[in-house]
Each structure stands twice: as C-alpha cells, then as structure tokens.
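Okay, everyone, thanks for coming. Let me put the structure up, and then I'll walk you through the parts I want to talk about.

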Amino acid sequence: MALITDEIDLEREYSPSMWSKRFSSSQEVTEHHVNVVTAASEAVINNVPHKLEIEYGATPGQKLDILGTDLPDDSPILVFIHGGYWQMLSREASRYLAQPLHRFRIKTIVVGYDLCPVATLPEIVNQIQNAAKFVFEYAEKMGSRGVYFAGHSAGAHLVAKLLSNSDFLDSTEGSQRLQGAFLISGIFDLREVVHTSVNLAVQLPIEWSVPLSPQFDCFTHLQARKVRVYILAGQYDSPTFKKQSREFYELLHNTCLMQNMYLEIKDNFDHFDIVECFALDDNYLKNLLVHDIRKHL
C-alpha cells in the first residue's frame, strides 16, 4: 500500500464518523452507534441463554461471553471482536449480533480485551490469541461443527493478525475447526494511522507499524485449511478504509494465492451501520454465515 501522507488529510481519512451521510455531525454518528449497539446488546441478554464474563486471561479485560448456551453442543460458533481503534467500545456493547444467529442455531462468543493506553497493541494482539485458544479448546470439547471469526474495524485488524499466526494455529488444539472469517471495514496497514490522533492513546511507535500490520503478513497456510475469508466495507467508509480492504484482498488473492476469497463494498452502508444491522433478523452477516455453514459443514 503506497503511503500518501502528504497528499490527503489523514485525520479525516481515519475518522469514519466524518463520512456517514445519516447525520449532520460526526458526534451524532458515534452517539447513535453506541446507543443502538448498547440497547440491542441488552435485549440479547434478556432473550438468549448465556454465560457471561468467562475469564480467558489474568487482566480485567480478558473476558468473553458465550451466547446460545441452550443450543446443541455441536452448533457452529461465531466469535466477534469489536472495534473502537483498540481504545473504545466493549464486550458488553458487542452482543447485539447474537439473537438473529441464535434463531439459526449458531452460538456467538463475544471477546473483550484490555484497551489502550492501559494495554499496548502487541499485548492486545496476544490477548486475542489467548481468547482464540480458549475458543478452539471449547469448540473441541463441545464437538462444534465449525468456528468462524468476525471483526469490525480495529477488530478486523485483530482477527487478521490472529489468522496470520501459522505457528499458533498449528499448535492449538481445535484449530482445525476454523472455517472462515469476516473482516468488516478493517484496518490492515498501520503506517498512516500512527500519524493521526488515534495514536495518542494507542502510542504505537512508528517502527512497530509494519510488524503489526496484517498487510505485511503471510497467509498462505490458510489455503491448506480451506478457510473462507470475507472482506467487506461500506460505500460510505472513507476512501482510505475502502482502499485498505481492497489491498488486503489483493494480498490474499494475488500474493498469497488464496482461493475462497470474497470482497464486497456494500452499497448504502457506512462504517457504523454496516455492523449495527447485525441486530436485525435479516442481515447480510447472518445470511453469509448460514450459507457458508449449509455449503461446507
């Protein structure tokens, strides 16, 4: 990905709320998003059997929720990693996608993690690996038919970093149950974002931006596992966010020579309602996931 730091307004390009067409100010966009996902997440707790705040690590943020504990042991599992530029949002406000999936007998596991600046980005990447180890071992114990990961924005970055770790996947019991991933409005190249206000809390040294960018990782090991990867962004994501999704797709498809790759820029969605819609009974993530399960499991 070519750096164009001098030619564009990086602060605006990496401020997703400034590109939405739904509200008159970026503050309204973010406030609406928090209100929508929080209310929908609370509704899930009232309607879907669950087990909350399961510790997968020693620090306060390393907890996950299992939603759909009444479903058969072998049910497929979707693991969701929230966004928020590694410094905002929470596990508690990220349960909203579980109810439509529950109706199709899919369990949802929502992963929390410590946020910057309390945790560093390398520490968060490691925490997601710890959570994935827990999930794979749980899936193995339960006999789950398949495990999928989904991440939004910074969460898509964290899922991509997890997928790049071939040593982890090769050495973790249950990882053979990995079926696919959904990377939604993700950030895959960190070289520019370190020059924005995002980095005030993340505090990522410039020299770490390449090692922590999935855009420079190798994913060829996923081909043998026949993992399906769905890369999605919104029409009203910023040009830079859409470019990051396209270039990550090109990396996987052309450089890593992966098959089972899908890229879609979704019409009429922005960076926020592209996931807010997951609380609705009929939404594209549920439809893609159900189709993949019926085709492959």
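So, 58% of the 297 residues in the chain are buried, where buried is under 20% relative accessible area, exposed is over 50%, and partly exposed is in between, with a 1.4 Å probe and protein chains only. Keep in mind that this is a predicted model: local features need pLDDT of at least 70, side-chain atom pairs count only at pLDDT 80 or more, and totals for chains, interfaces and linings use all residues. Residues are numbered from 1 along each chain as its sequence is written, and side-chain values use heavy atoms, with hydrogens and water left out.

Overall, we have 11 helices and eight strands; those are DSSP runs numbered from the N terminus, helices being H or I with at least four residues and strands E with at least two.

Now look at strand 7, residues 228–236. Seven of its nine residues are buried. On one side, strand 7 pairs with strand 6, residues 178–184, in the parallel sense over five bridges; pairing takes at least two DSSP bridges between the strands. Gly180 sits opposite Arg228 there. Strand 7 also runs parallel to strand 8, residues 261–270, joined by seven bridges, and in that pair Leu232 stands opposite Glu264.

One more spot: Met88, in the loop between strand 3 (77–81) and helix 3 (98–103).
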